[in-house]
Amino acid sequence: MPRVLLLSSTTSYRAGAFLDAARAIGAEVVVGSDQPQVLAALHPAGNLTLDFSDPDRAAEAIVAFARGRPLDAVLATDDEGVVLAATAAAALGLATSPVAAVSAARHKVAARERLAMAGLPSPAFEVFPVEADPDEVARRASFPCVVKPVALAASRGVIRADDPEQLARAFRRVAALLALEGGSQRTSRKILVESYIPGDEVAVEGLVRGGDQRLLAVFDKPDPLEGPYFEETLYVTPSRHPAVVQAAVTAATQRMVEALGLLEGPVHAELRINPQGVWPLEIAPRSIGGLCSRALRFGDGVTLEELILRHALGLDVAGLKREACASGVMMIPIPGAGVLRAVTGQEEAERVPGIEEVRITIPIGQPVVPLPEGARYLGFLFARADQPETVEQALREAHRRLGFEIDQIQGGRA
Amino acid sequence: MITITEVAREKVLALLASEGRQGLALRFAIDGRGPGGFRYRLGFVEPQDRRDDDTVVDAGGFVVLIDAQSAPHLGGASLDYVETLQESGFKIENPNAVWSDPMAAAVQRILDTEINPAVASHGGHVELLEVKDQVAYIAMGGGCQGCGMADVTLRQGIEVRIREAIPEIRAVVDTTDHAGGTNPYYQPAKGGRSPLG
């Protein structure tokens, strides 16, 4: 029975999906997590506690573990574990992308530099320390532009500014967010300011083997992402862009893979399309986040997690094609800051033709914080239909039927 | 079916009088199982809440309703009311074994002695609902309900330990409504940890 180390932080949405995938293919799992598992003492051979922020030391612990229980693959479920996964896999002699490539992909500035050096269309950008004078930053920028904290992911802290006043305000807000992230050594205290790229945004899901990207899906993002915040909502596949545009997107993604030097494993890329061409935004050495992978099925029902696991274990995945129907997911946006008191209309939303699942992921009574500061989704809607238009309509209608009662917190943003 | 002591009957009648409403019934149910045995639920319900398959016991002045799932486990039980310096309240004596199925009883022992003491450190608990066709059906509560690591707790802890101790168990199935959890220990987030939720 093959044995895989699954690196999953305690904030992951996806540990269960990967455990299901491992069971489906008969693989034994060891879960490596950043916090102790509550029942680790009952099954020490199946649970490791690792410091994801210190990959070298954590990789040593993994190598020591593997001496007694050899590992056939090391996988990370999310961004937080990818550098450690590459470090450990390299130390164990397993197929992986170079640590430097994965680290660069995780770092907004390093990735920007590599993409630009490879000749890919790139926005002009400049990096500032968090202590920089916001008014001075505003004087140096051209508009419109986008402010991004280097260390955060998933659109957190990403704010568009159309004039110096907006930029100075956005810079202060992002600096405050980074301060709230705490004095963690791993949190980069730098802020990227780059020119805003207009256009339709798409996401590409791919699987890289030997440096060649195999396209798994192109997702359209039908809701305009024009700022001031960039909250992702709808993902629908297959793309409705013309075939020639999709081919350009696929080619650009392959160039991103090459520019960063990624060699193995899943990638999730985001790109913009406008009359000037296809613009790479970023590429992450992991698969799609949240619960969104449920929008993808391959062959006769194989999940994305199973596909990734099969790939990592060297099993054949070439014959597994994405299902023929259209599918999509809505990451339910948080309408305002406060405490979630009630969710209404779930049954009505589930009755919308094409809707397969309505999943609320924030418990009643918990605080909710929208972007740019927040880090959670209210939940997810999933739909399948013959055509992507129908999927999009179903997701919008289901969302329209949902109601969220949120008690605003005094002084909170709503 | 069940015995209601005179003291308990008088206490129930007094509570009914204090409610100021006539015709309420007393619903008596098994609410779960834990290390101390059965957990019970007692409460007044409207007459229209009586279900066709309820067992109805005339206690003299009020009726006791026992649901069909609880009834087989309450035969010979008694309901008393005690009031001493040490304790006061309704007291239930039940001669029935918590689980008549030895396999379920063995699973319960693992939960009581190993798993629940550990998950209690995260404010959680795990309840055995039934064992059917060698599959143990459980529900998680407290800090485990809705926890981002609930699947890991199940697969890498609960299931492994139960199957190790009781190899006849083929699988452990989590029936928890995790969306209904109100205080999960670990909560998922996009793009890494955030102090803001």
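Why is helix H3 (residues 82–92) of chain A largely enclosed by the rest of the structure? Eight of its eleven residues are buried, so the rest of the structure largely encloses H3(A); a residue counts as buried if 20 or more other C-beta atoms, placed from the backbone, lie within 10 Å of its own, as exposed if 12 or fewer do, and as partly exposed in between. Helices (H or I, at least four residues) and strands (E, at least two) are DSSP runs numbered from the N terminus.

This is a predicted model, in which local features need pLDDT of at least 70, side-chain atom pairs count only at pLDDT 80 or more, and totals for chains, interfaces and linings use all residues. Residues are numbered from 1 along each chain as its sequence is written, and chains are lettered from A and ligands numbered from 1 in the order in which they are written.

The buried residues of H3(A) are Val82(A), Val83(A), Leu84(A), Ala85(A), Ala86(A), Thr87(A), Ala88(A) and Ala89(A). They pack against strand E1 (3–7), helix H2 (55–68), strand E4 (73–76) and helix H4 (99–106) of chain A. After H3(A) comes Gly93(A), with a positive phi near 75°.

Leu84(A) and Ala85(A) also belong to the largest nonpolar core, which has 135 residues; they are listed with Val4(A), Leu75(A), Leu260(A), Leu271(A) and Leu381(A) as the residues with the most contacts inside it. A nonpolar core is a set of buried Ala, Val, Leu, Ile, Met, Phe, Trp, Tyr and Cys residues joined through C-beta atoms within 7 Å. Beyond its neighbours within four places in sequence, Val4(A) is in contact with residues including Ala22(A), Leu71(A), Leu75(A) and Leu313(A), contact meaning that the C-beta atoms, placed from the backbone, lie within 7 Å. A second, separate core of 28 residues includes Leu152(A), Val174(A), Leu192(A) and Phe230(A).

Chain A as a whole holds eleven helices and 21 strands. Of its 414 residues, 52% are buried.

One open sheet of chain A has four strands in the order E5-E8-E6-E7, with antiparallel pairing; two strands pair if DSSP finds at least two bridges between them. Strand E5 (125–129) and strand E7 (159–161) of chain A are the edge strands, each pairing on one side only. Five bridges join E5(A) to the antiparallel strand E8 (residues 190–195) of chain A, and Phe125(A) stands opposite Glu194(A) in E8(A). Helix H5 (residues 108–117) of chain A lies across E5, strand E6 (145–149) and E8 of chain A, at about 40° to E8(A). Helix H7 (residues 164–180) of chain A lies across E6, E7 and E8 of chain A, at about 10° to E6(A). Axes here are lines fitted to C-alpha atoms, for helices over the stretch in contact, and angles run from 0 to 180 degrees between N-to-C directions.

Turning to chain B, 34 of its residues are in contact with 41 residues of chain A. Helix H3 (150–165) of chain B and helix H2 (102–119) of chain B each supply at least two residues of the side that touches chain A, and H3(B) gives the most, with nine.

Notes: Contact = placed C-beta atoms within 7 Å.
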